[in-house]
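Hi,

Here is the structure I promised to pass on.

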Amino acid sequence: VPINERQLAVIEAFRHAWRGYKDFAWGHDELKPLSKSYSEWFGLGLTLIDALDTMWILGLKEEFEEARKWVANDLVFDKNVDVNLFESTIRILGGLLSTYHLSGDSLFLEKAKDIGNRLMPAFKTPSKIPYSDVNIGRGTAHPPRWTSDSTVAEVTSIQLEFRELSRLTGDEKFQKAVDEVMKHVHTLSGKNDGLVPMFINTNSGQFTHLGVYTLGARADSYYEYLLKQWIQGGKKENELLEDYMRAIEGVKKHLLQRSAPKKLTFVGELAHGHFSAKMDHLVCFLPGTLALGAHNGLAADHMKLAEALIETCYQMYAQVETGLSPEIVHFNLHAQKGHKDVEIKPADRHNLLRPETVESLFYMYRFTGDKKYQDWGWEILQNFNKYTRVPTGGYTSINNVQNPSNPEPRDKMESFFLGETLKYMFLLFSDDIDLINLDKYVFNTEAHPLPIWVPA
Ligand code: DMJ
């Protein structure tokens, strides 16, 4: 299937982003495109690793080879550095595993084994619920300084990667560690119709800060990985499916509302019995996940809900001055003259180049063939180009999506812009269902495709 004009525009955008990274941040974690410099988080070439499989999928062979050389010669995990277990699993381990599958190059598997082994000390806790941070050089792990809690989404969104590492290496320990977490969470009390709190204690193994339920930050990918592990494992692990189905019922019962004036269906939050009409952009992964579930034979009404929610996520862009979504919106529940559905608080009006809406648009287009989803994604790409592109190379997060004349560039290009946002754009604009066939691959939460063990 030949590459079309819109895909070429994605390739152009990727090259522009990559040029900035290469010129000013090569081998470092993130590009600072305005100051023509870089920032370090783990010191592991995060953007480069996150972008490897995107380059493969976009067909950027030269860029891929150059990056491969860096991985072969300069990527060293034997470093006295604290990394976040979740972030390094989804971006680094996930990125290496998917690149291994796509390219067949054993270098990436060797590197994946190395980082996988170095992350294992995180699971040595009284409850076996992993700590948030690991020193990959010293082999020690610890929670954040102020608490012994871990984030629920973090400890339940590392499973696809560790399970795959076990399958590839024949070493069960990776899978055992993460399966134990899921089994434990399955039995825990403190859920509300399948919805989970945001924190879990590494000593007691119990949920903490009970009573607050969101599909946004700190809980989001728990729900995503219930479904995706079930798919990865060949749809046999019933507890995962049960927990997923129950959770979606919980969403319907407690978190769904409709806004005014346009009656957009949105997912709010519940805090100690009080509903809040607040929705993180992060929640926009949900339409894609619901559609993937429906494609895999789950309730047809999940697809209906997906259709309603992706419209809402699109409106989170379309109703804003720059055509880009803020990090968080509040929906109006009652019609007021001169007010749109979406309200934005000053502290929430930044945009970090996040992928979730484009990700869901990709699933919706794959499963329905409705071209409006491509058109919406195309609008979003053009607005990224208009308001976040830095002429000297790279794209930047912005502070103010409501000010087209000065969106206030933040001077940071997140690694997921290359790992996820541009990859999902490219796939959205493609009509080739074999370009990452969704009956053969499941994407981790950082857009790295991993094989389904028993393809449909
Ligand atoms: C990414 O690291 C992943 O998509 C994660 O699931 C959520 N946060 C960012 C993107 O927004």
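Leaving aside its neighbours within four places in sequence, which residues is Tyr-223 in contact with? The answer is Gly-194, Leu-195, Val-196, Thr-214, Leu-215, Tyr-244, Ala-247 and Phe-285, where contact means heavy atoms within 4.5 Å.

Before the rest, some housekeeping. This is a predicted model, so local features need pLDDT of at least 70 and side-chain atom pairs count only at pLDDT 80 or more, while totals for chains, interfaces and linings use all residues. Residues are numbered from 1 along each chain as its sequence is written, and side-chain values use heavy atoms, with hydrogens and water left out.

Back to Tyr-223. This residue sits in helix H9 (residues 220–232); helices (H or I, at least four residues) and strands (E, at least two) are DSSP runs, numbered from the N terminus. Tyr-223 counts as buried because its relative accessible area is 1%; buried means under 20%, exposed over 50%, and partly exposed in between, with a 1.4 Å probe and protein chains only. Leu-240 is 17 residues away from Tyr-223 along the chain, and their C-alpha atoms are separated by 9.6 Å.

The ligand

Around the ligand are Ile-90, Arg-91, Leu-282, Arg-354, Pro-355, Glu-356, Phe-416, Glu-420, Thr-445 and Glu-446, each with a heavy atom within 4 Å of it. Taken alone, the ligand exposes 290 Å², and the protein buries 91% of that; the areas come from the Shrake-Rupley method with a 1.4 Å probe, and for residues only the protein chains shown count as cover.

Thr-445, one of the residues around the ligand, also carries a "binding site" annotation in an unreviewed UniProt entry. UniProt positions are given in the numbering used here, feature names are shortened, and annotations may be inferred rather than shown by experiment. Thr-445 is in the loop between strand E17 (441–443) and strand E18 (449–451), and counts as buried because its relative accessibility is 15%. Its side chain makes a polar contact of 2.9 Å with the side chain of Glu-224. By polar contact I mean a pair of N or O atoms within 3.5 Å; within protein, one must be able to donate a hydrogen and the other to accept it, and residues adjacent in sequence count only if both atoms are side-chain atoms. Leaving aside neighbours within four places in sequence, Thr-445 is in contact with Phe-86, Ile-90, Ser-221, Glu-224, Tyr-225 and Glu-420.

Another threonine

Thr-208 lies in strand E8 (residues 207–208) and is buried because its relative accessible area is 18%. Its side chain has polar contacts with the side chains of Asp-149 at 2.9 Å and His-209 at 3.0 Å. Beyond four places in sequence, the contacts of Thr-208 are Asp-149, Pro-197, Phe-199, Ile-200 and Asn-201.

The core

The largest nonpolar core has 149 residues, and Phe-162, Leu-215 and Met-279 touch the most other members. Such a core is a set of buried Ala, Val, Leu, Ile, Met, Phe, Trp, Tyr and Cys residues joined through side-chain atoms within 4.5 Å.

Backbone details to check

- Ala-260 and Pro-261 are joined by a cis peptide bond, with omega about 5 degrees; Pro-261 is in the loop between strand E10 (256–258) and strand E11 (265–267).
- Lys-36 is not a glycine but has a positive phi, near 50 degrees. This lysine is in the loop between strand E1 (30–32) and strand E2 (37–39), and is partly exposed at 41% relative accessibility.
- Lys-235 also has a positive phi, near 60 degrees, and lies in the loop between H9 and helix H10 (238–255). Lys-235 is partly exposed at 35% relative accessibility.

Finally, Ser-276 is in strand E13 (residues 274–276) and is partly exposed at 28% relative accessibility. Leaving aside neighbours within four places in sequence, Ser-276 is in contact with Gly-268 and Glu-269.

Cheers
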